[in-house]
Amino acid sequence: MSVAQRVADEMDVTLGEEVGYSIRFEDKTTPKTMLKYMTDGMLLREAMHDHEMSRYSCIILDEAHERTLATDILMALLKQIAERRPDLKIIIMSATLDAQKFQKYFNDAPLLAVPGRTHPVEIFYTPEPERDYVEAAIRTVLQIHASEPEGDILLFLTGEDEIEDACRKIALEAEELTREMDAGPLAIYPLYGTLPPHQQQRIFDKAPGPLRKGGQPGRKCIVSTNIAETSLTIDGIVYVVDPGFSKQKIYNPRIRVESLLVSPISKASAQQRAGRAGRTKPGKCFRLYTEKAFKKELIEQTYPEILRSNLANTVLELKKLGVEDLVHFDLMDPPAPETMMRALEELNYLACLDDDGELTTLGGLASEFPLDPALAVMLISSPEFYCSNEILSITSLLSVPQIFVRPASSRKRADEMKALFAHPDGDHLTLLNAYHAYKGQETSDPSSAKQWCHEHFLSYRHLSSADSVRAQLKRIMETHGLDLISTPFEDKNYYTNIRRAMLAGFFMQVAMKESSGKVYRTVKDEQAVLIHPSTVLRTEYDWVLYNEFVLTSKQYIRTCTGIRPEWLLEIAPVYFDMDTLEDGDIKRSLARAAEKKRRKEAMKKASR
Amino acid sequence: MVMRRERDDSDDEDIPLHHKRPFGAGLKRKKIEFVKATDADASNTIKNLGKETTSIGDVYASIVLGGGSRDSSSKPEGTSDEKDDQKEDAAEKEPEPPTCPVCSLPITTTLQQHEASLAHQVSLEHSHPPSALDRSRMGLKALESQGWDPDSRLGLGREGEGSRFPIKVARKEDTLGIGATRTQPKQAVQEKPRALTGKEMRALADKERRKGERLQAEIYGRVDVEKYLRGNGGEDGL
């Protein structure tokens with residue numbers, strides 16, 4: 001968006017006319033537009049309805065080195081289209097060292113090097129492996145501050161908690177350094193994705209000046225996740241501290257779990273991090289591992305997203321893009337067969353693909369929504385349960401980051417506020433309650449909505465973005481003739497209908513409580529899990545459906561809602577087929593539920 | 001440098017808790033040492049782009065890779081031919097030990113014995129076990145219908161070049177640095193390896209026995225108990 005603005009300015013045209021952009025909720029283009037900026041995901045969505053990408057004569061794919069899912073699919077598509085359309089020009093821009101890999105992939109296309117204006121960066125390693133990389137990182141920052149000449153510091157850590165913790169410790173010690181050793185002031189800024197934008201903006205503040213005239217100059221230290229590695233550029237960084245880890249999403253198709261795990265970075269990633277030190281003048285990079293470890297233990301390239309993700313959504317997109325042959329589809333890094341099989345099976349259970357792997361009507365409709373297939377199917381089938389309005393809200397709330405704020409300083413207060421919205425049957429309904437309360441506040445007194453959110457420990461930013469997601473999804477529903485209806489709130493089935501409707505999409509994410517204790521076991525994958533401590537679920541449900549599986553020190557299921565086993569048999573009879581289910585507690589429990597239901601119906605009939 | 005850090009760490013354990021300095025006071029005590037990279041290339045990211053690139057100044061020039069691959073592909077055939085010739089020559093000159101076509105070792109024993117030998121067994125071309133994937137899965141059927149064979153030991157992709165298995169998931173719950181191991185092998189290594197000489201062994205056993213005797217004398221000072229115990233393996237020491 002800002003690039004489009006800049007280019008429009010330099011071309012002396014109005015943004016949105018000759019030069020436009022298109023992002024998730026906003027299309028700022030006209031028929032006059034000749035240059036359009038958009039995300040890789042948006043271009044992919046466009047390609048679903050225009051397989052030849054006939055609107056464009058030249059396509060530039062920037063930041064291809066990030067190897068997002070959308071970029072990888074686009075590259076494979078463009079490679080195909082280029083054979084049919086010799087007039088189409090394709091430019092792939094990558095900022096890494098494996099340019100040859102891209103070149104080879106695109107049939108030995110010409111390769112151009114654009115040398116960046118970077119300064120040399122001196123690399124340092126530790127002579128021995130570090131026993132505690134966080135501690136070592138903190139010490140290194142302080143050592144740099146105490147002994148190196150002027151220049152800002154960038155430290156890479158893995159996640160929010162680790163970063164906040166490190167920031168506190170560095171601040172404490174830096175204060176002492178200033179007192180005891182006459183070091184200059186040190187300003188410390190955390191940086192991670194979920195940080196509110198105004199706080200993210202602070203990393204661009206100038207480093208503090210010396211405390212007194214002629215004193216040691218001050219500097220700033222940014223403690224960041226790997227978002228400072230490629231996507232964000234901060235000038236003035238001269239020192240980089242690299243412990244060699246980052247959080248990476250990894251998908252395990254055998255237990256169908258996508259998790260964020262701390263893993264060693266790749267060599268390419270380490271080089272990229274080092275490069276951050278040389279943007280304004282020659283810099284230094286301190287790696288908290290040995291040179292031998294760099295050469296032997298780090299992999300060459302970070303695994304592209306396509307090898308680390310659940311591909312259910314991707315397969316649906318590919319089908320919609322007209323890719324028939326998934327086996328020989330010419331991706332730069334084809335995913336593992338097992339991952340592909342899982343995706344096909346999930347879509348088959350969701351009835352988006354038939355048994356031969358062909359797109360069904362429901363699948364075609366589901367691909368119209370920019371959502372995971374399970375969410376899309378839940379949304380599409382919600383009118384059958386008389387609660388599409390509510391499911392639409394829940395879907396939007398699940399598509400944005402957590403709306404409940406829980407700052408470390410006032411956890412207790414935040415929990416009390418959350419309890420105001422709590423629904424005994426589960427977290428999804430609690431989200432819905434909070435959203436309804438927010439909407440009520442917003443319509444009655446829009447000016448105070450922000451303040452109200454702050455008081456109730458709700459994220460105004462995420463609630464309003466849920467609102468725009470909702471508006472976007474609503475438009476898609478209306479275009480495809482999906483009714484927006486609600487069960488009257490007074491009806492005793494109001495919440496029951498919502499819970500049943502959720503199962504229509506999430507029947508594959510169900511867990512049953514084990515006979516002993518608090519442990520639940522996921523159906524079919526047989527994973528022992530605990531309900532995440534953030535849950536509001538109070539009633540002791542034997543069966544729950546969950547939104548995500550979180551792998552931290554324990555295996556948790558987060559955002560859970562209680563359900564009844566007989567619903568499973570009604571709503572997803574193919575998945576919970578008694579003939580194919582493995583023997584065990586789960587099957588026995590389901591059989592009991594079925595029996596109970598049969599008897600109840602028989603009694604009803606008899607009494608009639 | 002390294003040794004000093006190790007020692008400092010162990011000193012740390014000996015300081016009584018109330019004498020330990022707060023977290024902030026550690027800067028001078030625990031210095032993180034660094035050594036310069038020996039690989040000069042690593043410090044400059046631009047160099048690694050390689051020779052096959054064109055500078056933006058030469059926009060019109062373009063370099064296409066390839067050409068060299070054809071020469072190398074023709075070579076292996078030639079060399080294998082030569083090898084066959086040599087084999088034939090060798091067979092003519094020394095007819096006694098015939099060469100086994102499978103493991104290309106001379107057969108010095110009977111054919112049966114040779115075929116049972118490990119070297120021969122290892123070189124045998126054997127079929128791979130079939131893939132462990134459940135054949136009834138819908139996903140597998142869909143992939144098979146598009147021409148993927150689970151037993152082919154190939155991945156997906158135009159030429160089956162894709163990875164065959166998903167990326168392994170390893171959970172990390174500690175803050176160990178890269179290359180560090182949880183056990184501290186240094187101490188273990190120092191104590192373990194030295195084997196005792198016979199003389200030392202005897203001396204040690206002697207010492208142990210005397211220690212045992214002294215203990216017994218102290219605890220069971222009465223003569224009758226001592227006698228009784230001696231009969232029961234007091235000789236062995238402890």
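Visitor: How far apart do the end C-alpha atoms of residues 137-322 of chain A lie, and how much of the span is helix and strand?

Guide: This is a predicted model. In it, those end C-alpha atoms lie 49 Å apart, and the span is 33% helix and 24% strand. An unreviewed UniProt entry annotates residues 137-322 of chain A as "domain: Helicase C-terminal".

Visitor: How many salt bridges does a search of the whole structure find?

Guide: Side chains of opposite charge can pair when their charged atoms come close. Over all chains, the search finds 48 salt bridges. One of them joins K284(A) and E148(A), at 3.0 Å from N to O. This pair links distant parts of the chain, 136 residues apart: K284(A) is in strand β14, and E148(A) is in the loop between α5 and β8.

Visitor: Which salt-bridge pair crosses between chains?

Guide: R137(B) and E345(A) meet at 2.8 Å, N to O. R137(B) comes from the loop between α4 and α5 of chain B, while E345(A) belongs to helix α11 of chain A. R137(B) is buried, with a relative accessible area of 19%, and E345(A) is buried at 9%.

Visitor: Is D525(A) buried or exposed?

Guide: D525(A) counts as buried because its relative accessibility is 12%, and the cut-off for buried is under 20%. The residue lies in the loop between β16 and β17 of chain A. Its side chain makes a polar contact of 2.8 Å with that of R256(A). Beyond its neighbours within four places in sequence, D525(A) is in contact with R254(A), I255(A), R256(A) and R342(A).

Note on methods:
Residues numbered from 1 in each chain as written. Chains lettered and ligands numbered in written order. Predicted model: local features only at pLDDT ≥ 70, side-chain atom pairs only at ≥ 80, totals over all residues. Heavy atoms only, no water. Helix = DSSP H or I, 4+ residues; strand = E, 2+ residues; numbered from the N terminus. Buried < 20%, exposed > 50% of the residue type's maximum accessible area, 1.4 Å probe, protein only. Polar contact = N/O pair within 3.5 Å; in protein donor to acceptor, adjacent residues only side chain to side chain. Contact = heavy atoms within 4.5 Å. UniProt positions renumbered as here; feature names shortened; annotations may be inferred. Salt bridge = Lys/Arg side-chain N within 4 Å of Asp/Glu carboxyl O.
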